[in-house]
Amino acid sequence: MDIPNKVQREWLQERMEPSLNHPHFSPDEKSRILSKLTAAEGFEQFLHTKYVGAKRFSIQGAESTIPLLDTLLNEAGALGAEEIFLGMAHRGRLNVLTNIIGKPFELVLREFEGTAVLPSDDGDGDVKYHMGYTNTLTTPSGNPLLVTLVPNPSHLEVVDPVVVGMAKAKQDARGDDTGSRVIPILIHGEAAFTGQGIVPETLSLSELPNYQTGGTIHIIINNQVGFTATAKETRFTPYPTDVAKMIQAPVFHVNADDPEAVVHAARLAMQFRQEFKVDVLIDLW
């Protein structure tokens, strides 16, 4: 991890080195992690069994994204955040809508059955993967947190500046000058994060005074397969997050098959963002 700022390095060392970077969770915390993993896998298995052959952008293989997001939201609420704007592409979207934001399962199933009233008759059957949702959650700390998954008709990164812009506008409306109360979170695929020019453009804006939001949390779901191409065929750098070196953002590389490590990284990422008001990346490997 490349952290050029001495204060930031010392902050991380204080939180990582005493425990040799091995987090300690209570039985209740472990139970919550397991319940989120079980809910994510169970939902995908149900859709796969019930709607055989239906177009489905599954989160399978990256189920730890769900406890990761759960932790980010809970930590944000505990640290004084009041609102979250979340942006992502298609993959895993239905799981995030139901198991994180609380969209009723019956509404999603109606969309699969074709009985839901969708916003348009156009499209090829994946319109449900374009839709957003807003809900107010109550975090374990007892604080209400308004969470919005922003609609995204594209498969990839076009939603990035939209989410950041919505967060900035709401910060201005709330008088949130430091960006502590309104937080943008973006979920990326590793090949799109490297390959689409809108990503470095959005990162560049994050450093300009009139566009700063206090930092975006970026989650890269890194399955090392850019749809049909390997990493070596889509980039020349070791990690998909290397593009973020342009703003010297800290990157937490974490094993997605170790959900406790993922939750630990999520806590550190949100705490770091709230402390230093900069973009933070989680490379979910």
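The legends below describe close-up views of a predicted model.

**View 1**
The side chains of Arg267 and Glu29 form a salt bridge, with N and O 3.0 Å apart. Arg267 belongs to helix H10 (residues 259-276) and Glu29 to helix H2 (residues 27-50), so the bridge links distant parts of the chain, 238 residues apart. Arg267 is partly exposed, with a relative accessibility of 23%. Glu29 is likewise partly exposed, at 29%. The salt bridges of the model number 11.

Asp70 and Arg32 join their side chains in a salt bridge of 2.7 Å, N to O. Distant parts of the chain are linked here: Asp70 is in helix H3 (residues 65-78), Arg32 is in helix H2, and 38 residues separate them. Asp70 has a relative accessibility of 9%, which is under 20%, and therefore counts as buried. Arg32, at 36%, counts as partly exposed.

In the salt bridge of Arg56 with Glu44, the closest N and O atoms are 2.8 Å apart. Because Arg56 lies in the loop between H2 and H3 while Glu44 is in helix H2, the pair ties together parts 12 residues apart in sequence. Glu44 is buried, with a relative accessible area of 2%.

**View 1. A network of salt bridges.**
Five side chains are to be found here: Glu82, Glu83, Lys170, Arg174 and Arg181. Salt bridges link these residues in a network.

**View 2**
Ile84 has Val147 in E3 as its bridge partner. Strand E2 (residues 133-138) is joined to E3 by six bridges, and these two strands run antiparallel. Here the bridge partner of Thr134 is Thr148 in E3. E2 and E3 form a hairpin with five residues between the strands, and in this hairpin Gly142 takes a positive phi near 90°.

**View 2. The largest nonpolar core.**
In soluble globular proteins, nonpolar side chains tend to be buried together. The largest nonpolar core of this model holds 52 residues, and Leu69, Leu72 and Ile185 have the most contacts inside it. Helix H10 supplies the largest share of this core, eight residues. With neighbours within four places in sequence left aside, Leu72 is in contact with Ile185, Ile217, Ile219, Ala266 and Met270. Of these contacts, Ala266 and Met270 fall within the residue range of H10, 259-276.

**View 3. The buried side of helix H5.**
Val108, Glu111 and Phe112 are buried residues of helix H5 (residues 105-113). These residues lie on the same side of H5, because they cover an arc of only 100° around the axis. Helix H2 and helix H4 (93-101) are among the elements that cover the buried residues of H5. Just after H5, Gly114 takes a positive phi of about 85°.

Leaving aside neighbours within four places in sequence, Lys36 is in contact with Ile66, Pro67, Asp70 and Asn99. One of these contacts, Asp70, is the salt-bridge partner of Arg32. Leu34 and Leu137 are 20 Å apart in space, C-alpha to C-alpha, and 103 residues apart in sequence.

Note on methods:
Residues numbered from 1 in each chain as written. Predicted model: local features only at pLDDT ≥ 70, side-chain atom pairs only at ≥ 80, totals over all residues. Heavy atoms only, no water. Salt bridge = Lys/Arg side-chain N within 4 Å of Asp/Glu carboxyl O. Helix = DSSP H or I, 4+ residues; strand = E, 2+ residues; numbered from the N terminus. Buried < 20%, exposed > 50% of the residue type's maximum accessible area, 1.4 Å probe, protein only. Pairing = 2+ DSSP bridges. Core = buried A, V, L, I, M, F, W, Y, C linked by side-chain atoms within 4.5 Å. Contact = heavy atoms within 4.5 Å. Arc of directions from axis to C-beta.
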